Amino acid sequence: TKSDKKNDPSDYLDKSQKQAKDFWDQVVKPFDQQNKNASSSSSPSSSSSSSSSSSSSSSGKPLPFWMIPALFAVVTGAVYVISEFTTLEMHSFQYLSNELFETQHEKIDRIVVEGNRAHVYMKEHPRYPECTIHTGDRETFEKKLIHAQRDLGIPPSKLVPVIWSDESSSPGILLPMILLGIWVFIAMADFKQKGNSSLFESMGPINSLAKRAKFGGKRPKIAFADVAGLEEAKEECMEFVSFLKDPKKYSRLGARIPKGALLVGPPGTGKTLLAKAIAGESRVPFYSIAGSEFMELFVGVGPARVRKLFKEAQESAPSIIFIDEIDSVGGKRSQSNIGGNEEKDNTLNQLLVEMDGFGTHEEVIVFAGTNRVDMLDPALLRAGRFDRQITVGLPDIKGRRAIFNVHLRPLTTTLDKDTVAKKMATLTPGMSGADIANVCNEAALIAARNKKEEVDMQSFEQAVERVLGGLEKRSTVLSKEERKKVAYHEAGHAVVGWFLEHADPLLKVSIVPRGSSALGYAQLQTSDRFLMTKEQLMDQMCLALGGRVAELMHFGEVSSGAQDDLEKVTQSAYSQVMMYGLNEKIGPLSYPSSEESQVEKIYSQATSHMIDMEARKIIASAFEKTTNLLEEKKDLVMKVGEELLEKEVLSRDDMILLAGPRPFKQTTTYDEFLDASIAPTKEGETEEKEEKEKKRKRRK
């Protein structure tokens with residue numbers, strides 16, 4: 001049984017009224033009085049004493065940001081206290097019939113049903129519920145009320161009145177309304193104090209999002225000597241450095257330095273590093289921000305941050321602004337302002353005005369980086385904003401050697417670092433500067449994991465395999481038959497690449513599983529090709545089909561292991577027919593691929609059928625050529641496959657012992673770099689001397 005001593009609901013009301021009064025006296029009333037003093041001090045008739053001016057300046061300060069959380073906490077506590085007496089303990093219907101109806105029936109004033117709750121009010125305190133009963137089904141609860149009172153012998157005239165209400169007395173909606181009212185009150189008061197041009201600028205918490213943004217402004221310590229493999233891009237940026245160091249050299253001739261430059265290139269090629277080097281060489285402040293940082297939850301923050309960024313840069317001019325991934329804010333403007341497009345367009349408009357508008361900033365150069373220049377708005381690319389587009393592409397073999405020399409400096413090794421850089425440049429075709437830095441770091445980690453005193457060549461080779469092929473998974477257990485199929489599959493690739501002139505020859509092949517699904521791994525000597533002939537494309541397709549043909553030839557069946565190879569072959573065949581104009585039947589036409597085309601196909605159904613048939617013919621021709629080659633070299637495929645089963649890993653030297661030297665004698669830069677131990681030729685020495693002389697003159 002419950003105790004008869006119960007809290008009087010009026011105590012809760014008095015307590016909540018007292019807290020509300022304290023809140024008004026301590027927070028709202030002083031703030032309102034401060035507002036009145038500010039307005040009276042700003043009137044023409046007010047005296048201009050020193051004390052009044054000081055109080056006016058203090059009252060004109062914006063409201064601190066911490067005031068909103070404080071008000072939120074106070075109001076939440078007050079609402080909780082007010083709702084405390086309404087959140088009563090939930091009872092069952094048995095408590096109502098056995099306790100209240102039997103002993104206190106005459107004291108019950110009414111029962112109010114709201115949803116699945118019934119509040120029992122007593123005649124002593126008709127304003128506050130005594131308890132809450134769980135009702136369940138509405139009709140069943142009404143019948144149970146009548147039957148419970150009739151069983152006690154209560155006449156119909158004295159039955160407790162029941163009021164059915166769909167309204168809820170829950171104060172949950174009260175809190176958001178109070179907070180919204182307080183927020184608007186503060187904004188209006190701040191609006192009157194500071195005389196802002198818009199109510200948005202009075203929203204202290206929102207406006208502070210733009211004010212709190214930090215853009216740097218420090219001078220980077222990076223120089224052009226730290227940027228390797230980007231010689232053409234560095235030459236292009238020299239004019240910006242020369243202008244920032246000596247602007248009078250150009251102004252006296254009437255020349256105008258470009259307002260900005262757009263650095264375009266794949267990810268990891270060094271766009272941000274190049275911008276830092278420009279700022280470091282010119283010794284000016286450097287402000288950087290990502291394009292996505294302009295966008296926030298609140299409307300108007302993006303344009304405010306753009307204004308703040310250019311204002312800070314102008315105050316410390318000459319300076320450099322770098323916006324990374326500008327395509328996130330500088331994309332083409334849409335025709336309809338739906339969702340977040342309007343905010344994004346407003347931010348872009350503000351950026352366009354700051355770069356070249358009525359308030360154009362002099363001696364502030366804007367650099368931006370992107371790998372999606374096709375998505376940018378044309379107004380952003382026009383002359384006067386981004387005057388130049390500097391392409392920062394993937395480095396070639398000489399560029400990779402220079403980048404390796406930079407990242408090999410901090411590594412501990414007794415090897416000749418330039419020799420290592422030469423050899424590693426041949427093993428990493430298509431890698432960016434970030435990938436090369438990752439390879440060097442992985443090599444150091446592998447050496448430390450194996451408890452070596454220095455980073456040796458084996459660690460570098462393992463690092464390349466780790467980055468290209470993925471993590472080695474020796475825990476994957478293959479059956480004897482599967483392992484043999486993988487070995488012969490990789491042997492087919494190796495033999496085809498060795499005896500086709502335009503195919504990439506083997507550097508290393510392994511049947512140790514790597515990555516998520518690869519059961520074998522082949523590292524090829526890929527060269528930097530910029531043009532491909534029909535014969536070269538055919539040899540590359542034969543190289544990809546070598547594994548599947550070897551499986552069919554030696555096991556009489558094929559497996560699903562050639563999926564990636566077939567994807568490459570299919571893409572190459574369709575590209576020859578649709579895009580490169582290398583098919584005689586289709587002719588010199590180029591159709592966009594399905595990924596590039598945003599609309600329906602621009603060719604007929606008959607042409608589509610013809611494209612399919614011609615692509616099939618090319619693949620069938622490549623399959624036949626591969627089959628003829630491997631039929632001729634069938635014994636060699638078996639020999640390489642069995643050697644792989646025994647050693648698991650074969651290198652280029654092992655392939656020379658098994659198959660002899662490649663029958664194609666050609667001297668390329670790759671061959672010179674691959675044998676990194678050979679001495680440089682006289683021509684090579686002359687070129688290096690000329691390059692060093694150019695660099696010395698450039699520094700001078």
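Buried here means under 20% relative accessible area, exposed over 50%, and partly exposed in between (1.4 Å probe, protein chains only). All views come from a predicted model, where local features need pLDDT of at least 70, side-chain atom pairs count only at pLDDT 80 or more, and totals for chains, interfaces and linings use all residues. Residues are numbered from 1 along each chain as its sequence is written, and side-chain values use heavy atoms, with hydrogens and water left out.

**View 1. Helix α4 and its cover.**
Helix α4 spans residues 93-104. Helices (H or I, at least four residues) and strands (E, at least two) are DSSP runs, numbered from the N terminus. The buried residues of α4 are Phe 93, Tyr 95, Leu 96, Ser 97, Leu 100 and Phe 101. The cover over these residues includes four strands, β1 (90-91), β2 (108-114), β3 (117-122) and β4 (129-134). Helix α5 (138-151) also belongs to this cover. For context, the protein chain holds 25 helices and 13 strands. Of its 700 residues, 40% count as buried.

**View 2. The largest nonpolar core.**
A nonpolar core is a set of buried Ala, Val, Leu, Ile, Met, Phe, Trp, Tyr and Cys residues joined through side-chain atoms within 4.5 Å. The largest one has 44 residues. Val 495, Val 496, Ile 611, Leu 630, Val 637, Val 640 and Met 655 touch the most other members. Elements giving two or more residues to this core are α18 (480-499), β11 (506-510), α19 (534-555), α20 (563-578), α21 (605-632), α22 (634-647) and α23. Cys 237, Leu 244, Ile 278 and Phe 286 are among the 26 residues of a second, separate core. Nonpolar side chains in soluble globular proteins tend to be buried together.

Contact means heavy atoms within 4.5 Å. Across the protein chain, residues 24 or more positions apart account for 73% of the contacts with a separation of 6 or more.

Arg 662 sits in the loop between α23 (652-659) and α24 (669-674). A polar atom of the Arg 662 side chain lies 3.1 Å from the backbone oxygen of Trp 498. For the backbone oxygen of Gly 497, the distance to a polar side-chain atom of Arg 662 is 3.4 Å. Beyond four places in sequence, Arg 662 touches Gly 497, Trp 498, Leu 500, Glu 501, Ala 503 and Pro 505.

**View 3. The second largest pocket.**
About 1,500 Å³ of space lies in this pocket. Of its 43 lining residues, the closest to the centre are Ala 522, Leu 524, Asp 564, Asp 565 and Lys 568. On a 1 Å grid over the protein atoms alone, a pocket is an open set of points where a 1.4 Å probe fits, with protein on both sides within 12 Å along at least five of seven lines; lining residues have an atom within 4 Å of a point. Grid points are joined across faces, edges and corners, and the volume is the space filled by probe spheres set on them. At least two lining residues each come from α17 (457-469), α18, β12 (521-524), α19 and α20.

**View 4. Ser 575 in helix α20.**
Ser 575 belongs to helix α20. Ser 575 counts as buried because its relative accessibility is 10%. A polar atom of its side chain lies 2.7 Å from the backbone oxygen of Gln 571. Ser 575 and Ser 590 are 15 residues apart along the chain, with C-alpha atoms separated by 9.0 Å.

**View 5. Pro 395 in its loop.**
Pro 395 lies between β10 (388-391) and α14 (397-407). Its relative accessible area is 8%, so Pro 395 is buried. Leaving out residues up to four places away in sequence, Pro 395 touches Gly 229, Arg 400, Ile 403, Met 431 and Ser 432. Gly 433 is 38 residues from Pro 395 in sequence and 7.6 Å away in space, C-alpha to C-alpha.

**View 6. Two positive phi values outside glycine.**
Lys 451, in the loop between α16 (433-449) and α17, has a positive phi of about 60°. At 76% relative accessible area, Lys 451 is exposed. Glu 648 lies in the loop between α22 and β13 (649-651). Its phi is near 75°. Glu 648 is partly exposed, at 22% relative accessibility.

Technical notes. A polar contact is a pair of N or O atoms within 3.5 Å; within protein, one must be able to donate a hydrogen and the other to accept it, and residues adjacent in sequence count only if both atoms are side-chain atoms.
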